[in-house]
Amino acid sequence: MDGMGKVLWRGGGMAADEGNKQNNTSDKDERAGPEGEGRRTFQRVNDGMESESRVQAAAAFFMIKAFVLHRWKNYWIRGVLSLAMISGFFLIIYMGPVTLILVVMTVQIKCFQEIITIGYRVYHSYELPWFRTLSWYFLICVNYFFYGETVADYFGALVQREEPLQFLARYHRFISFALYLAGFCMFVLSLVKKHYRLQFYMFAWTHVTLLIVVTQSHLVIQNLFEGMIWFIVPISIVICNDIMAYLFGFFFGRTPLIKLSPKKTWEGFIGGFFSTVVFGFILAYLLSQFQYFVCPVGFNSETNGFTVECEPSDIFVMQEYTLPAVVQNTLRWKTVNLYPFQIHSIFLSSFASLIGPFGGFFASGFKRAFKIKDFASTIPGHGGIMDRFDCQYLMATFTHVYIASFIRGPNPSKVLQQLLLLQPEQQLSIFHTLHSHLRERGMLPPAAAQAE
């Protein structure tokens, strides 16, 4: 029985194996047909597509992640450095006019260096002599001229006491012109055959840079001497407009503004305008209350230092204004108390918001022309110094013109400084003329009354 069982068990197993083989064979035959082959091909393609899609999705994810991290890192760097620069700006203001003048000069030199370096890359490829030396020489000449004029105007008492300064002040313009002529002759002597056109191109490059950077930085200092408020408010509203236009553009920007700056949007432009007007109005109110900001910067010959003490002019005295009828009906207010300078701040803010950005657009066009992203990499996340001051120079020029056209009157301190430079006989003649004029207007008693 045991032997028969083993035989039967082996036979059943063999039969089962045979059946499995037949089933496997039938399955293979079924897959071997055209329909089975099509299903296998589709499955391979589908698996390949899924694999490729997964790879593409993963690559896209990591690219987006890297982009977002890089972008937020850049925002973090820009934000931290912006706060640091604003804090430094407040510190410089606290340190007074002398520090402000030194900072303006430093910024001017750095901006000049950044622009000239761009030209030098083109010029140096021809290995032509003297361009860099002449560029810096002309910078010294122009600064000597402008700052010499400032010293003669605002430091007359100091000049009058020092014999060497008297000579320099008297012949200042002749000396300035002689220095420029020396540089002009050096340029002519440096001309190289077959490269004349390029050298004259770079000569013009230097002079245009001097016009943009040095002349306008000198206007910044001229505005400063009219009162620190004329220095602080224009610079602050440009900074505010830059920040607020960026924020409005980042969160709400949809409509491109100008092709030169693809990231600029109408939403940022308009949002920056209203924000800057409000900011300038409030800042003007705050600063108009302090003599330190509103008084013209003068030079005290006794202490040999700057002074910012005066009786504030009318534009820094609170006045009452009657509101238009439409505003009265809407707000139920008939009058409002304002500093006149707050009204002037609206015009300054409007220029900074509507026209000031074109200084940045001009700089963008310049950089695109030479296929560079920034003027330099001095400030991480911000580019070069010129990238931060492209709008400031245009604003400084407008402020200077605005003061000369609508604000500035005779400056007694400046007139006195000029009188002190005259010869004693000339001063005495002016004294008698002024005395007679005041007596005729009744501001001085008649000569007979004085004799009694």
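**Disulfide, helices and cavity**

Colleague: Hello! How many disulfides does the count come to?

Modeller: A disulfide here is a pair of cysteine sulfur atoms within 2.5 Å. By this rule the count comes to 1 disulfide.

Colleague: What should I know about the model and its numbering?

Modeller: This is a predicted model, where local features need pLDDT of at least 70, side-chain atom pairs count only at pLDDT 80 or more, and totals for chains, interfaces and linings use all residues. Side-chain values use heavy atoms, with hydrogens and water left out, and residues are numbered along each chain as its sequence is written, from 1.

Colleague: Which cysteines form the disulfide, and how far apart are their sulfur atoms?

Modeller: The link has -90° about the S-S bond and is left-handed. It joins distant parts of the chain, 15 residues apart: one cysteine is in the loop between helix H11 (291-294) and strand E3 (298-300), the other in the loop between strands E4 (305-307) and E5 (319-322). Helices (H or I, at least four residues) and strands (E, at least two) are DSSP runs numbered from the N terminus. The partners are Cys295 and Cys310, with their sulfur atoms 2.1 Å apart.

Colleague: Is Cys295 buried or exposed?

Modeller: Buried means under 20% relative accessible area, exposed over 50%, and partly exposed in between, using a 1.4 Å probe and protein chains only. Cys295 has a relative accessible area of 0%, so the residue is buried.

Colleague: What is the volume of the largest cavity?

Modeller: A cavity is a set of points on a 1 Å grid over the protein atoms alone where a 1.4 Å probe fits but cannot get out. Points are joined across faces, edges and corners, and a volume is the space filled by probe spheres set on them. The largest cavity has a volume of about 90 Å³.

Colleague: Which helix gives the most to its lining?

Modeller: Lining residues have an atom within 4 Å of a point, and the largest cavity has 13 of them, with Phe131 and Phe203 among those nearest its centre. Helices H4 (131-154) and H8 (196-225) each supply at least two. With 5 residues, the helix that gives the most is H8.

Terms used:
On a 1 Å grid over the protein atoms alone, a cavity is a set of points where a 1.4 Å probe fits but cannot get out, and a pocket is an open set with protein on both sides within 12 Å along at least five of seven lines; lining residues have an atom within 4 Å of a point.
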